[in-house]
Amino acid sequence: MSSQLTSSPRRQLNQRQAATVQRLLEAGLEQLAEVGPEALTVRQVAMRAGVSPATAYTYFSSKNHLLAELFWRRLVDDAPATPTGGSPTSRVQAVTRALTDLCEHDPHLAAGATVALLGSDPDVDRLRLRIGAEFVTRFEAALGDAATPELVDALVLAFSGALLQAGMGLITYADLGDRLDTVVATILGDHR
């Protein structure tokens with residue numbers, strides 16, 4: 001989790017503050033892996049990071065804020081190179097595969113972020129917009145010259161809906177990649 005160490009979820013940071021945020025993020029991932037998103041609390045994460053709960057709340061306004069921040073940083077840190085492939089369909093499928101692999105690799109984080117991103121916390125709202133913009137950027141890059149606002153919108157809506165279904169347990173993260181390959185091919189008119 002090396003990205004954005006000089007900026008906080010809420011403000012600019014000095015070195016000591018950045019180190020505290022980094023400890024909280026690392027402790028958050030460890031605690032999340034141990035107890036899952038439902039049982040995770042900011043207080044537990046603070047204890048694990050060796051800081052007071054008040055200090056943790058200085059940087060993260062809520063559990064949802066922490067989960068959304070963890071997902072955002074994982075998304076940015078694991079950003080793949082611009083997708084290559086012979087067609088827009090194969091490039092977009094590479095993007096959705098990379099994103100679903102991230103979710104499959106860390107299902108607690110993906111499920112927790114799905115719930116967190118539905119919240120109304122202003123700090124979560126800011127992250128929701130950044131995450132959505134990242135999806136748009138990746139789909140636009142994959143589509144290249146074939147990108148239109150309508151096509152990008154359809155892909156983002158389909159992908160977001162797929163993440164929501166997986167977060168609700170209606171489909172596994174492991175199955176998400178194959179299902180999205182078909183959805184992408186359908187949207188882009190490549191019905192092999």
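Me: Is A116 buried or exposed in this model?
Reply: The structure is a predicted model, in which local features need pLDDT of at least 70 and side-chain atom pairs count only at pLDDT 80 or more, while totals for chains, interfaces and linings use all residues. Residues are numbered from 1 along each chain as its sequence is written, and side-chain values use heavy atoms, with hydrogens and water left out. Buried means under 20% relative accessible area, exposed over 50%, and partly exposed in between, with a 1.4 Å probe and protein chains only. Because A116 has a relative accessible area of 0%, the residue is buried.

Me: With which residues is A116 in contact, leaving aside its neighbours within four places in sequence?
Reply: A116 is found in helix α6, residues 107–116; helices (H or I, at least four residues) are DSSP runs, numbered from the N terminus. Contact means heavy atoms within 4.5 Å. Leaving aside neighbours within four places in sequence, the partners of A116 are N64, L67, A68 and V124.

Me: How are α1 and α6 oriented to each other?
Reply: Two packed helices are described by the angle between their axes and the distance between the axes. Axes are lines fitted to C-alpha atoms, for helices over the stretch in contact, and angles run from 0 to 180 degrees between N-to-C directions; under 35 degrees counts as roughly parallel, over 145 as roughly antiparallel, 65 to 115 as roughly perpendicular and the rest as oblique. The axes of α1 (residues 15–39) and α6 come within 9 Å and cross at roughly 80 degrees. The two helices are therefore roughly perpendicular.

Me: How many residues of each class form the contact of α1 with α6?
Reply: From α1, the residues L29, L32, A33, G36 and P37 meet H108, L109 and G112 of α6. Ala, Val, Leu, Ile, Met, Phe, Trp, Tyr, Cys and Pro count as nonpolar, Asp, Glu, Lys and Arg as charged, and the others, Gly among them, as polar. The division is five nonpolar, three polar and no charged.

Me: How are α5 and α7 oriented to each other?
Reply: The axes of α5 (residues 88–105) and α7 come within 8 Å and cross at roughly 150 degrees. In the contact, P88, R91, V92, V95, T96 and L99 belong to α5, and F135, R138, F139, A142 and L143 belong to α7. These residues divide into eight nonpolar, one polar and two charged. Given the crossing angle, the helices are therefore roughly antiparallel.

Me: How is α7 oriented to α8?
Reply: The axes of α7 and α8 come within 10 Å and cross at roughly 125 degrees. This angle is why α7 is, relative to α8, oblique.

Me: Is L129 buried or exposed?
Reply: L129 is found in helix α7, residues 122–143. Because its relative accessible area is 59%, L129 is exposed.
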